Every structure is written in structure tokens, then in C-alpha cells.
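User: I would like to learn how to read the features of a model like this one. Please take them one at a time.

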Amino acid sequence: MTEQNTHIDKPALEQVLANGDLLNISALVKSLLTHSLKRRDVDWVWNQLKRRPKDIQFRPLKMLLLSSFTLNLIEAPLGLQLVSHQRYLIPEFVPYQQWETLLHHPETLNEKNLDVIQMFLHLEDEIPTLCDDSILDKDIIYEQTSIFVERLKKAIHAFRNGSQTPVVLNSFILMKRGIERFININIGNNKNAVIDSLNAEITKLSEEYNNIYLYDYANLISDIGRNNWFDAANYYHNISPISSVGIRFLAQDLSKFYSALFQPRAKVLIFDLDNTLWGGIVGEDGATALKVRDGYLGESFKAFQSTIKGLQETGIILAIASKNNEEDAKDVFDVYPDMPLKWEDFGVTRINWLDKSANIVDIASEIGVGLDSVVFVDDNPLECERVKTNLPEVTVVRLGTEAHTFSNRLLEAANLYPLKITTEDKIRTNSYRSQIKRNESKRTSIDENEFLSSLDLVLEIGPPEPSEYDRIVQLINKTNQFNLTMIRYQLDEILEIIKSSDDQISVVRAKDKFGNYGLIGVLILRFSKTDCIIDTLLMSCRILGRNIEESILLYIKKIAKDRNSKKLIGRLNLTKKNKLVFDFYTKSGFLPIIESTNFEYDLMTNQLESYPDHLTVHEMEIQK
Amino acid sequence: MKPKSKILSQVIEVLSDVLDTPTEAISAETSPDTNESWDSIKHLNIIMAIEEEFNVTLSPEEQMEMLTVSLIADLISEKVNQ
């Protein structure tokens, strides 16, 4: 037992928490969380943070927590975790099975302007007979379970019809096997088989609906262990069944989940090589002496490579920045053809003796992403520090020396977890890679037009499919470079636009001989009596440099003419990130409108040109 | 033996952190009736913080007895000095 009353230096912290700027506070809380704070200290820090005036607070994250039990104790630890991700938790707790009634009244929930509805249901509360020791007729178990599933489905369906707030469901943990412990295990219809099918049902639910997510609560409990998670005495006494250890881990894991849900995901991972992807130094030890196949170290590096490979498969682009001779590095991939990572997996490589920061900037610009979507991974503390200092926007992951911890370190330090994998994510890596191939041929190609024609580029422009709505929201919220107005929309707003007869949303899909890029552009037009206003016009950065813009603009002109608009009004909102488009309208024959940032194009006097020769455009039917 | 006075002041400090009330405003007589942030949810919070602070486990019966600061201190001193 410790005699020390408290570990933290309250007077010093109080100063920062009350008056410090937000970035300092976030960093401070992050470092506090790396020590295992006592519960009373967690409460104290959270109470200090809650005292800050609203106008100098982090961006709020309004959460409604619908649970079958009391979970208020998560507020302070989750609050701190989210502050370390620069969000301010505003929770509302609704325990004891009120979820069903509330979900059936989406209009009342809409008034709360929630960012997320988080559900935590325990089967002990929802289907008690399933979880006690009584051995029931299997028909009864199935019946009770299917009644619960139907209630849940109905509630979600009702809610979705009236609201677009994200809802996060929890998966269900298999029950503790009591007196049945040694029987029934081989029988397909034991109670746990029922829970498996229940989890499959709610997984389907999350796939069916936009903005319904499944948080794998059961997986977290198995990481920690059921006996450590639950507090049986408290369960019966005050319906607060999760132990203090459980609460702490839940807060940590849930905040990671919310980062994945609310923060833009990293796009590019840049790796060092020696003692990062394999054990040893190729330039000194030689390729054959490296640890990347067998033994404890070899297995550890191999496992790390598998994690990286997995990330690539979910749409993350891989790159190398290493101080080495390129031939040495390539040699390793030849000597170990069975390594999870292949030389071709890396979209861009900078293997030279230059400063890594310069190489990182170079890699980011070649791929066409901002430094804030780049993660740099190195075992060398000095290199890490340098990059941190030179390029503060880059997320730097310092791996340390224990290879078996690398995967965890990487996943904990950067925002890499995918939530739902869209088809675009799967093909993105390939398309980036083919873009790089293209850049190479572009360098040698003399005639730009000839080069573009050689791509066999095909565009499809038209109304979006319902399955593309998630991708539209994703693009609208993360596209910075080729984005004329930088207006961000959420799913509910997009659905409004789709419904409205005065507005029109179209999407652009693209493919060429190197690959299929999927949905790469979004445009939103708003029609007034005489004008067509270009509210949103954006294109994914991975498709830039192919003169697609003029074709999209021509498509807009055609649409506007069809709807008898007399003028096109182009809006332009220049920021630090979209400088690329500063002359887009003037270049395209638009005239600036005096005393505004808008441009206009007269559809009455100007003739429509035809699509350029270097690509093929398919215009899809519009139903409205 | 840990003196009871020391336990009392330590309990007051824990409650001060959890209830966001200055230590001077908490006495041996403070209870849910005299401190308005001490509601049933905060009571769970206090139990969790106290259990951790003194490395003890509190049974449901004991949790219900913790109705004033001095009762909490009595209970803890009994448990840690067994």
C-alpha cells in the first residue's frame, strides 16, 4: 500500500489546465495518461477541464450513451482520453433499457445535436434467461433471442428513418459457462452458439445501414479477461457491473474507436528499413544475416510486416525513407521472397543519404498528400526527433528496440484503424501505385497530350448510387487540394440535397489502363430561377494531372443548359490547402463578378465545346 | 497501525477530488445531504476511488454504510488496521 497521497503535481497542473492553450493541454493529458493515474486523479483532472469556459474548449463530442446498466463512471476517464485526441466529451447517460423508446423517437434525439449515440447492452439485462444457469429448452432460448434481435432491428430502422446521427452498437460477449461448463460444448445449439448468431445479426445491421457501426466490445473484454472485467458484487448491488480496470480499458479503447470514427485516417506510412522492417543492418551485416525469417526476432519482424501488409490492404500507401544504398535494400527483398512485404508494395522509395525530412516531403508531394496524413516510422530516436522538429505535422512513431511490440506501438500512435472498408479503399493502393508508374512515364514522355491519350482514360459522370453515399461524405470531408469551395457536408445534408429538386449532386468515376479509381469526384449544383450555382466541385488528389476538370465543367454546362439556366455561377473559397485551384475559373472562361469571390459564365452566348480527345466520357441518366 | 486521523484526512482529499469540492469545505460530518454533488452516481465514483486509494474491497453492505465522511474513515481504518 502506498503512503503517498497523490502522484500528480496539482498546483502546477491547475495552472495549465485553467489557462493553458488547447494544444498544450492535450499534450499534457496525453502524457498523464501514459502513467497509470489513480481514479481520484482522473476525476480531479476532469473536474478542472470541465471548469474551462466553453469558448476556450476543445471541439465538443456530444455523446448519448444508451446502456442496459449504469456506465456513468466512464465519463472522467473517457473525457481525458478524448482530450488527448483534442475533443471535449459532453456525455448524456441513459441507463436501464430506455434505448428502445428513445430510438423510436429520432425527432427528440435530433434536437440534441448529437455526434454519436453509443449503445452498451449486456445480455444479462436484455435476455436474462439466456445468461443464468437454468438449462432451458433450446426453442425457448432461440425464441427469446430472436425477439430481442427483432426489437433491436426495429428500433434501429425507426431511428434511421428519422435521423442520421451515427449509432454504435456493441458486440456481445460469450457467456460464462456455469453448470453447463462440461456439457453441450459439442452441440451446435448451446447458448453460446445463440450469441454467435446474435453477433452475426448485428454485424449485418451495421453493414445494411449507413452510419450504423459495430464496436467490438466482446473483443476488448477477451483482451482483458472476463474475470477482471466484471465486478460481480457491484453488479447485483448497483447495476454498475464493470470493474475499475474494465472502465479504464474501455475508455482507452473507445477513444481509439472514436478517433477512427471522427478523425481523418492517415494515408501514407513511411518506413525506415534497418531494425524497423527487419533485424540488423543490411549495409553492415549483409542481407543473408538479417533477422526476418526464423527465431524469436525474425518472427517478430515478420509479424510486424504482416501488420503493415494488412494496413496496405485497407488502403494505406506504403513508402520507404532509409539511409542505405538502394541496391542493398532491394537485395533484401530478393533474398527473402517469402517476407510478407515485397519491394512492389512500396509506392514510393527514397533510399539515399539525404536528410529524412527532405525525403518525407518529397514522398508526400509525389503521392500528392498533405504532411498531416503522413506517418513516419523509425527505430532510431534521433531520426524521429529530427523529423518531429522539422515537420511537426507528420505523425512520428518511434518503435524502440523490442520488435515484438512494434505492431502495437504503430497502431496506438497513429490513426490507422479502418472502420468500414469501402471498395475505393481496396483499390486505392493499386491506383496510387499505378499513378507512380504513370509519373515515371510522364517524366520521360515529351508530349503531354500523347501521354494522356495513352492512358485510355474513361470517365463516368452521373447521379450517385446509395452504396456510394459513405464515399461521398468521405471525399467531401477530406479533399483539400482540388476543392473549389471547401464546404463540408455530413450524410444527412447529402441526403437532403439528393431529395431536393432545386439541387443536384453528381459523382465522377474514373478508370484507365492502370486501374479502376472508383468514385473520385463530387459536384453539387444548386439551381435558382435563372442561374446554376456550382456549390461544390472537388476531385480526389490521386486523379489530378489528367485534365479531367475541363470535362467535368463541360458536363456541368450541359446540365445547366438542360435546366434552362442562363448563367453558371462558380464559387471559389481559397484557403491554404487548395491553392491549386486559384485560377480554375479564369482559366475556363469564367469572368470574375465584381466585389465577390464568385465567377460567372454566360450560357446564352457561349457555345458548348465537345469533350477532349484524350478521354471518353459516359454521362449517366438522371432520374429526377 | 495507520492513525485514524491520517485516514480521515486522506478520505477528505479523495472526496475533494471526486466531488470537485475544496478540502476545507469537507468535514467529518459531510454527507450526501450536505454536499450537493454527492449523488448516487458520485457515490459509485467515491467507492471506486476509495477502494483504489486504500487498496481495499468494499462489500455492498459496507458501501451502503458509507453515509458520512467519518463513517467512511471508520470503515477504512477498521479494514486497513485489521
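Analyst: The axes of α3(A) and α1(B) come within 7 Å and cross at roughly 40°. Axes here are lines fitted to C-alpha atoms, for helices over the stretch in contact, and angles run from 0 to 180 degrees between N-to-C directions. Helices (H or I, at least four residues) and strands (E, at least two) are DSSP runs, numbered from the N terminus. This is a predicted model, in which local features need pLDDT of at least 70 and side-chain atom pairs count only at pLDDT 80 or more, while totals for chains, interfaces and linings use all residues. Residues are numbered from 1 along each chain as its sequence is written, and chains are lettered from A and ligands numbered from 1 in the order in which they are written.

User: What does the angle make α3(A) relative to α1(B)?

Analyst: Angles under 35 degrees count as roughly parallel, over 145 as roughly antiparallel, 65 to 115 as roughly perpendicular and the rest as oblique. The angle therefore makes α3(A) oblique to α1(B). A crossing also has a hand: left-handed if the near helix is turned anticlockwise from the far one by less than a right angle, right-handed if clockwise. Here α3(A) passes α1(B) in a left-handed crossing.

User: Which residues of α3(A) and α1(B) meet?

Analyst: Two residues are in contact if their C-beta atoms, placed from the backbone, lie within 7 Å. From α3(A) come A:R40, A:D41, A:D43 and A:W44, and they meet B:V14, B:D17 and B:V18 of α1(B). For classes, Ala, Val, Leu, Ile, Met, Phe, Trp, Tyr, Cys and Pro count as nonpolar, Asp, Glu, Lys and Arg as charged, and the others, Gly among them, as polar. This contact of α3(A) with α1(B) has three nonpolar, no polar and four charged residues.

User: How many residues of chain A and chain B are in contact?

Analyst: 16 residues of chain A are in contact with 17 residues of chain B. On the chain A side, the elements that give two or more residues are α3 (39-51) and α13 (232-238). The largest share, six residues, comes from α3(A). By class, this side of chain A has four nonpolar, seven polar and five charged residues.

User: How does α1(B) sit against α2(B) within its own chain?

Analyst: The axes of α1 (residues 4-19) and α2 (residues 40-54) of chain B come within 10 Å and cross at roughly 135°, so α1(B) is oblique to α2(B). The crossing of α1(B) past α2(B) is right-handed. Among the residues that meet are B:V14 and B:V18 in α1(B), and B:I46 and B:A49 in α2(B). The contact divides into seven nonpolar, two polar and two charged residues.

User: What is the make-up of each chain?

Analyst: Chain A has 26 helices and 19 strands, whereas chain B has four helices and zero strands. A residue is buried if 20 or more other C-beta atoms lie within 10 Å of its own, exposed if 12 or fewer, and partly exposed in between, with C-beta atoms placed from the backbone. Of the 624 residues of chain A, 37% count as buried; for the 82 residues in chain B the figure is 34%.

User: Is A:D223 buried or exposed?

Analyst: A:D223 is exposed, because it has 11 other C-beta atoms within 10 Å. A:D223 lies in helix α11 (residues 217-224) of chain A.

User: What confidence does the predictor give chain B?

Analyst: pLDDT is the predictor's confidence in each residue, from 0 to 100. Chain B has a mean pLDDT of 92, and 100% of its residues reach 70 or more.
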